[in-house]
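Student: I have a structure to read and some questions about it. Can we go through them together?

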Protein chains: 2
Amino acid sequence: MSKIISVIQYGLGPIGCAVALHIIEREGLELVGAVDIDPKKVGRDVGEVIGLNKQIGFSVAEKIISALKPNNADVALHTTSSYFSLFKDQIIEILEHGLDIVSTSEELTFPWLSHAAEASEIDAAAKKAGKTVLGTGINPGFLMDSLPLNLTAICQRVDHIEVTRMINASTRRGPFQAKIGSGITVEQFNKKISSGQMGHIGLSESISMVFDTLGKKLEKYESDVQPVVADQTIKTDFFEVQPGRVKGLKQTARGYSEKGEFMSLQFIAALGLEDDLDTVRIKGKPDLEVKLKGTHGDIATVAILVNAVRNVQKANPGLVTMRDLPIVTCR
Amino acid sequence: MSKIISVIQYGLGPIGCAVALHIIEREGLELVGAVDIDPKKVGRDVGEVIGLNKQIGFSVAEKIISALKPNNADVALHTTSSYFSLFKDQIIEILEHGLDIVSTSEELTFPWLSHAAEASEIDAAAKKAGKTVLGTGINPGFLMDSLPLNLTAICQRVDHIEVTRMINASTRRGPFQAKIGSGITVEQFNKKISSGQMGHIGLSESISMVFDTLGKKLEKYESDVQPVVADQTIKTDFFEVQPGRVKGLKQTARGYSEKGEFMSLQFIAALGLEDDLDTVRIKGKPDLEVKLKGTHGDIATVAILVNAVRNVQKANPGLVTMRDLPIVTCR
């Protein structure tokens with residue numbers, strides 16, 4: 001048997017709590033501490049905060065240094081912010097305490113094009129610490145980047161990649177339904193979009209990873225978010241959306257090489273859609289069409305984060321991305 | 001620009017010729033030599049033998065040492081036999097001449113369970129030479145092993161994996177149609193199966209790779225091949241199959257852990273099927289269903305072989321498998 005890997009959960013929002021619960025049920029991993037800045041969580045027993053229905057014997061720490069006492073740890077699973085401006089110092093601090101890091105921070109999944117300076121800083125800190133940092137998730141991290149890249153393995157030529165993700169938000173958490181604009185007006189929606197308060201993060205990271213890995217220069221990047229408007233009343237456990245109100249969002253992104261459009265992504269999350277469906281279409285030699293059913297966002301994000309722990313433990317020090325590592329598996 | 005990788009094509013059967021043609025059209029790779037033992041090919045211009053419709057300026061060598069004069073090379077693409085008993089000495093010899101190797105040899109794709117001694121011997125020779133050896137292909141190598149493994153990245157728990165590959169052989173080469181028994185009687189089919197002259201190689205390698213990677217012990221392995229019998233006359237460019245005669249094969253394999261069946265593979269190749277379709281079904285948390293259209297066996301095999309060249313050039317010395325490398329892409 002390989003040694004038990006001890007894990008700190010850093011961030012106890014909904015995903016962080018789900019990650020912590022999953023670490024507890026996974027063989028080979030042990031949850032040894034948890035960090036969150038929320039005063040309502042700090043000091044309380046971690047089992048209670050994450051919804052374990054029993055005490056776990058240690059409490060939520062406000063700082064990583066406190067979480068590491070009395071036990072040291074191998075890896076931090078980091079689930080706080082999407083943005084470098086908010087998470088960078090956290091990553092550096094965790095590295096200074098000598099932990100590998102697997103993070104859900106979207107901007108970290110492929111920062112080499114749009115955040116090269118910050119990426120280099122984290123890479124240097126990781127190398128200095130002899131530790132590895134990975135940003136991953138279902139999207140970005142898998143469905144729209146590393147999986148399509150893996151599918152190109154069986155192509156002699158790739159002319160275009162299209163990925164469409166359709167999420168029926170009716171089956172998801174209330175906060176997710178809120179996040180996609182359920183129940184607000186189109187005017188409110190557009191205001192939130194223009195102020196940067198809404199929209200899925202990560203499409204540009206996925207396009208950057210694919211372009212860079214396939215050796216293409218990203219000459220132009222376009223993105224757009226539109227509301228999906230209800231044409232009849234839709235009820236979920238959390239919302240009742242009247243006709244004319246927003247029931248979700250449709251986000252698109254396109255990446256162009258010097259030869260024209262090479263990649264297009266569509267992210268559609270709305271109430272009352274049919275089943276979730278993800279489609280990857282590759283034009284080239286051969287043409288490929290791959291349809292995925294069942295890729296539940298929250299379950300999958302927790303899974304890939306925890307599954308990546310072994311890869312990060314074995315990887316060379318530095319900031320790595322999903323395209324740098326051997327395939328992540330549910331071992 | 002990264003340096004041009006010079007390639008020897010070792011084996012000039014139908015796949016080897018297709019690989020050589022593809023190397024010639026790929027940026028970043030250069031075909032510098034070719035090897036085959038067929039006296040009808042040795043000494044003839046490689047361009048002519050592979051169907052390039054023009055001379056290439058060097059001829060087919062019978063031995064790797066001759067192919068390496070006057071140019072040295074970086075990598076050999078090896079497409080000869082499926083079986084260790086036939087290819088092992090070839091691999092060792094190529095390593096002794098200091099080349100990395102990407103091979104289509106099915107038994108090489110994951111030899112650690114059923115051919116551990118031979119695998120260790122090749123691994124040692126590769127490490128001694130400071131070179132890397134990889135066995136890959138569409139199947140084994142991708143569809144039934146590394147791709148399903150990659151899909152488990154988004155699973156918190158995997159209870160069962162099923163992969164079905166359906167190939168409409170009507171659209172394939174004549175030799176492929178012959179290989180699956182087109183036109184023979186059921187009696188002839190069964191005789192060929194029992195004498196080991198027919199059947200797809202690699203299902204056990206795929207199951208071994210998945211079990212080993214997911215940390216499961218392969219307690220029992222079962223396999224079976226049945227004829228697919230025509231119920232009406234089927235015509236292709238190469239065969240006319242009467243009702244009652246064989247039009248293809250259906251091959252199954254199952255791997256069991258101590259908890260029961262964990263993986264089942266079905267490989268169906270027959271004339272007159274509908275479109276090719278590959279399906280991966282994972283039962284666990286979540287349940288996943290992934291359907292692939294367009295994975296043409298010959299095109300895909302050539303592609304993954306050539307696409308893997310960069311990975312093998314960057315890998316540590318030794319015998320590696322698809323689960324050990326960063327994702328192979330069509331760069």
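Predicted model: local features only at pLDDT ≥ 70, side-chain atom pairs only at ≥ 80, totals over all residues.

Student: Which strands are the edge strands of the open sheet of chain A?

Tutor: Start with the order. The six strands of this open sheet in chain A run β2-β1-β3-β4-β5-β14, with parallel pairing. An edge strand pairs on one side only, and in chain A that leaves β2 (29-35) and β14 (318-320).

Student: How much does the twist average from one strand to the next?

Tutor: Stay with the open sheet of chain A, ordered β2-β1-β3-β4-β5-β14. From one strand to the next, its twist averages 20°.

Student: Which residue is the bridge partner of A:Val133 in β14(A)?

Tutor: Look at β5 of chain A, residues 132-135, which pairs with β14(A) in the parallel sense over three bridges. Helix α5 (residues 116-129) of chain A lies across both strands, at about 125° to β14(A). In β14(A), A:Val133 has as its bridge partner A:Leu319.

Student: Of the residues on the side of chain B that touches chain A, how many are nonpolar?

Tutor: The contact takes 42 residues from chain A and 43 from chain B. On the chain B side, the elements giving two or more residues are α6 (146-151), β13 (288-293) and α10 (297-314). That side has eight charged residues, twelve polar ones and, as nonpolar, 23.

Student: Which residue of β13(B) is the bridge partner of A:Lys293?

Tutor: Strands of a sheet can pair parallel or antiparallel, through backbone hydrogen bonds. Here β13 of chain A (residues 288-293) and β13(B) pair in the antiparallel sense over five bridges. In β13(B), the bridge partner of A:Lys293 is B:Glu289.

Notes
Residues numbered from 1 in each chain as written. Chains lettered and ligands numbered in written order. Pairing = 2+ DSSP bridges. Helix = DSSP H or I, 4+ residues; strand = E, 2+ residues; numbered from the N terminus. Axes fitted to C-alpha atoms, helices over the stretch in contact; angles between N-to-C directions. Contact = placed C-beta atoms within 7 Å. Nonpolar A, V, L, I, M, F, W, Y, C, P; charged D, E, K, R; others polar.
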